[in-house]
Amino acid sequence: MSGALTVRTVIDGTEYTQDDIRRWELDRARAALALLKDRLGDEAMRELLAGDLRAADEAMAPLPGASGGAWRSAVTELEIGGITAVEFLTWWQGRLADADRAALLAANPEHYLADSADGVVEIIETIGSGPLRFFLTFHDGVAIEDEGHDGYPVRIGGTGRLADGTEVCRVMHEFADGPRGLRVRLTIQFPEGAPEQVLTGHQWHFACEFLNWLEAAHAAGRP
């Protein structure tokens, strides 16, 4: 083999680039994944991932004690034009309140389950190298006040716990309208002893899921 691989694709007389084909592939991959998640359903998903979830519990449960009560933050920031804080929050909080399974799962390919009921969201998603099941409750008094938090008038905090009640993560979603558009700061805390990939992986996880939610909210608000 010599040189770079090049592909020329023509469909009905129109030439398409490799990037065009990859965009088509991404769209179809999302559709295929949504179909599989829908067909499996929540209970079958829990059963399918049961072994992974037991292993994740065994890895995560000791971390708070081993970290001596210390927590470490991972932060993702976004700036978005074309939508306001009220517009996005109306859509997003509505999806949570309505337990909109399709919208919650579609935000990230590694969202395996998102069951929202009675103010608690049961979540199975990739944390670190594999799926983790935790129960996220949004509430006041979450102890995350990073520098500049007073610049965000909307702050939504929550606590994530394993099934046995062990607190394994804390979140703070912050929203503000600025001169260049909506500003979003997303913070998650894990026990200080958590592996590095747990924190860095969730920064990218946040970026992916909120981009998809923002796009969905924007599309929903267009005439």
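Student: How many cavities of 30 Å³ or more does this structure hold?
Tutor: There is one cavity of 30 Å³ or more, meaning, on a 1 Å grid over the protein atoms alone, a set of points where a 1.4 Å probe fits but cannot get out. This is a predicted model, in which local features need pLDDT of at least 70 and side-chain atom pairs count only at pLDDT 80 or more, while totals for chains, interfaces and linings use all residues. Residues are numbered from 1 along each chain as its sequence is written, and side-chain values use heavy atoms, with hydrogens and water left out.

Student: And how much space lies in the largest cavity?
Tutor: The largest cavity holds about 270 Å³ of space, where a volume is the space filled by probe spheres set on the grid points, which are joined across faces, edges and corners.

Student: Which residues lie nearest its centre?
Tutor: Ile-123, Glu-125, Leu-136, Glu-209 and Trp-213 do, out of 22 residues in the lining of the largest cavity, and a lining residue has an atom within 4 Å of a point.

Student: You named α4 and α6, so at what angle do they pack?
Tutor: α4 and α6 pack at about 105°, and their axes are 9 Å apart; the axes are lines fitted to C-alpha atoms, for helices over the stretch in contact, and angles run from 0 to 180 degrees between N-to-C directions. The two helices are therefore roughly perpendicular to each other, a label for angles of 65 to 115 degrees.

Student: Which residues make that contact?
Tutor: From α4 come Phe-88, Trp-91 and Trp-92, and from α6 come Phe-210, Trp-213, Leu-214, Ala-216, Ala-217 and Ala-220, where contact means heavy atoms within 4.5 Å. The residues of this contact are nine nonpolar, with no polar and no charged.

Student: Switching topic, how much space lies in the largest pocket?
Tutor: The largest pocket has about 380 Å³, a pocket being an open set of points with protein on both sides within 12 Å along at least five of seven lines. Its lining counts 17 residues, and Arg-30, Ala-34, Leu-105, Ala-106 and Ala-107 lie nearest the centre.

Student: What about the second largest pocket, how much space lies in it?
Tutor: The second largest pocket holds about 200 Å³, and among its 15 lining residues Ala-56, Ala-59, Met-60, Ile-127 and Ser-129 are the closest to its centre. The elements giving two or more residues to this lining are α2 (50-60), β6 and α6, and α2 gives the most, with five residues.

Conventions. Helices (H or I, at least four residues) and strands (E, at least two) are DSSP runs, numbered from the N terminus. Angles under 35 degrees count as roughly parallel, over 145 as roughly antiparallel, 65 to 115 as roughly perpendicular and the rest as oblique. Ala, Val, Leu, Ile, Met, Phe, Trp, Tyr, Cys and Pro count as nonpolar, Asp, Glu, Lys and Arg as charged, and the others, Gly among them, as polar.
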